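Subject: Structure for your review

Dear colleague,

Please find the structure below, together with its sequence. My notes on it follow, and I would be grateful if you could read them with the structure open.

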Amino acid sequence: MSAFIAIALTLVAVAAVVVVMTDDPARQAVSLSVYGVLLAVLFMALTAPDVALSQIGVGTAIVPLMVMLAIRKMRDRS
Amino acid sequence: MTRSARIAMFLVAGGCVAALLVLGVLDLPHFGSAVHPYRDASLAAAVAHKTSNVISSINFDLRALDTLGEETILLASVIGVTVLLRPADDEEEHRPVGEGRLLDSTRMVGYLFLPITVMIGLLTVAHGAVTPGGGFQGGVVVGTGIHLLYVAGSYRALERARPVGAAELGEAVGAGAFACMGIAGALAAGSFLGDVLPLGAFGDLFSSGSVLLLSVAVGVEVASAVVVLLAQFLHQAVEVTGDGKESA
Amino acid sequence: MRVYAYLVAVFVLLVGAFGIVRSRNLVHAVVCLSIAQSGTYVMLLAVGYQSRATPPVFGSPATKPSKSTVEPLVQAMTLTDIVVSATVTALLLAVAVQVHKRHGTVDPNELAALRG
């Protein structure tokens, strides 16, 4: 197993802990986006270009955007 | 159950699950091994069907029935979101006032990249059978690219450029087209979701039978699903307020 | 090193589950669920990986298909899973928004209907 894959795996594990330990959901949307990019890098290292393409579009752009919109809706209401 | 009791119970149960998973994982073939029976079988089948992208061949040809199930999950989730995010009786809609401050460079980058991103998405969908890509990835890229207009412009510009009714229709058409292709395949080739187009040469754009058409159907559905989902959330967050409060 | 990738996948799954358990906000719990799901993607791709093998795509004009590629079946499963579970996450966020509208709070400890 190459060093690059080992580093990518470690970064993903650390980023997962960071996302889970971020308590404010608005900040969590940003760290989720960074986690999505790191996950896409890991998928590329594991020679899975199709999966990395899906992950970049979905995990980096769409899900954090929906999380931020949901939070904004709740903040307007309260 | 209080929060600390819940956490304590999870630490015990999670520890047991972790121990079981680690024991199971230690028995797997080591990471990077060369024994992959499904790889040998699907590679042979994809080359026989003249498809260069083996993953698209699995999704739209060898296991196309599973993709039909996934499309149905997509359709059901979007219907669920549309129903849940309807404005309630005590809420009113109103036009958003003002746009907020926007850097000129952001506006330029957004306007520059919108046609490029949409074009890349359409190319990814169309070349699903030969290059990395396919309906799912290309649909996500197109759906996200359209919303660069919201980032670079204003919500009103996005509303004019993106008809939600057409997106809802497009989603239903995409899912229905997939099922109809299945029936057409049953009539033309004798099996549900069989090939209706000729197989062509390995590596050509118009090869591998029905993979191109199914990829386009899925691309239309996924792009429309992304547009409808983001439209519902944006509508709720930007335009709908409760208790008669102002929102910008 | 032979099992490091699998252990990372198991770790990410359990970290996501822990996040759901200790969460004070339903939106935070939904994001942690998404983290747990990504642990399973890492596991699937790690099972299918082969060292020094090509990706299972042969391009246009096609290169000669080689016998040693990484496993395409798990990649096909993972990529459809990513897109579909994003829409299910949207459904869960819509439920959280509705809960906030009806009860005024999204703290799971305060929602009486969820009290065990």
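Which residues in helix 3 of chain B meet helix 10 of chain B, and which residues in helix 10 do they meet? Before the reply, please note that this is a predicted model. In helix 3 of chain B the residues are B:S56, B:S57, B:F60 and B:D61, and they meet B:V211, B:L214 and B:S215 in helix 10 of chain B. Sorted by class, this contact has 3 nonpolar, 3 polar and 1 charged residues. Helix 3 of chain B covers residues 54-62, and its axis lies 9 Å from that of helix 10 of chain B, at an angle of about 85 degrees. An angle from 65 to 115 degrees counts as roughly perpendicular, so helix 3 of chain B is roughly perpendicular to helix 10 of chain B.

Chain B as a whole

Chain B contains 10 helices and 2 strands. Read from the N terminus, its elements follow the order α-α-α-α-β-α-α-α-α-α-α-β. The globule rule gives 18 Å for 248 residues, whereas the radius of gyration of chain B is 23 Å, so chain B is more spread out than a compact globule. Along the principal axes, the C-alpha atoms of chain B fill a box of roughly 65 × 55 × 40 Å. Buried residues make up 38% of the 248 residues of chain B. Of the contacts in chain B with a separation of 6 or more, 71% are between residues 24 or more positions apart.

Where chain B touches chain A

In this interface, 20 residues of chain B are in contact with 17 residues of chain A. On the side of chain B that touches chain A, two or more residues come from each of helix 6 (135-146), helix 10 (211-239) and strand 2 (240-242) of chain B. Helix 10 of chain B gives the most to this side, with 6 residues. By class, the residues on this side of chain B are 11 nonpolar, 9 polar and no charged.

Chain C as a whole

Chain C has 3 helices and 0 strands, and its elements run α-α-α from the N terminus on. In chain C, 55% of the 116 residues count as buried. Among its contacts between residues at least 6 apart in sequence, 52% join residues at least 24 apart.

Two helices of chain C deserve a description of their own. Helix 1 of chain C and helix 2 of chain C pack with their axes 8 Å apart, at an angle of about 165 degrees. Angles over 145 degrees count as roughly antiparallel, so helix 1 of chain C is roughly antiparallel to helix 2 of chain C. Their crossing is left-handed. Residues making the contact include C:A5, C:V8, C:V12 and C:G16 of helix 1 of chain C, and C:C32, C:I35, C:G39 and C:M43 of helix 2 of chain C. By class, this contact has 17 nonpolar, 5 polar and no charged residues.

Where chain C touches chain B

Here, 47 residues of chain C are in contact with 53 residues of chain B. Helix 1 (4-21), helix 2 (26-48) and helix 3 (72-103) of chain C each supply at least two residues of the side that touches chain B. Helix 3 of chain C gives the most to that side, with 17 residues. The residues of this side of chain C divide into 31 nonpolar, 12 polar and 4 charged.

One residue in helix 3 of chain C

Finally, I would draw your attention to C:A90, which is found in helix 3 of chain C. Is C:A90 buried or exposed? A residue counts as buried if 20 or more other C-beta atoms lie within 10 Å of its own; C:A90 has 30 within that distance, and is therefore buried. Apart from its neighbours within four places in sequence, C:A90 is in contact with A:M66, B:S77, B:V81 and B:L229. The C-alpha atom of C:A90 is separated by 13 Å from that of C:A29, which is 61 residues apart from C:A90 along the chain.

With kind regards

Conventions:
Residues are numbered from 1 along each chain as its sequence is written. Chains are lettered from A and ligands numbered from 1 in the order in which they are written. This is a predicted model: local features need pLDDT of at least 70, side-chain atom pairs count only at pLDDT 80 or more; totals for chains, interfaces and linings use all residues. Two residues are in contact if their C-beta atoms, placed from the backbone, lie within 7 Å. Helices (H or I, at least four residues) and strands (E, at least two) are DSSP runs, numbered from the N terminus. Ala, Val, Leu, Ile, Met, Phe, Trp, Tyr, Cys and Pro count as nonpolar, Asp, Glu, Lys and Arg as charged, and the others, Gly among them, as polar. Axes are lines fitted to C-alpha atoms, for helices over the stretch in contact, and angles run from 0 to 180 degrees between N-to-C directions. Angles under 35 degrees count as roughly parallel, over 145 as roughly antiparallel, 65 to 115 as roughly perpendicular and the rest as oblique. A crossing is left-handed if the near helix is turned anticlockwise from the far one by less than a right angle, and right-handed if clockwise. A residue is buried if 20 or more other C-beta atoms lie within 10 Å of its own, exposed if 12 or fewer, and partly exposed in between; C-beta atoms are placed from the backbone. The radius of gyration is taken over C-alpha atoms; the globule rule is 2.2 Å times the number of residues to the power 0.38.
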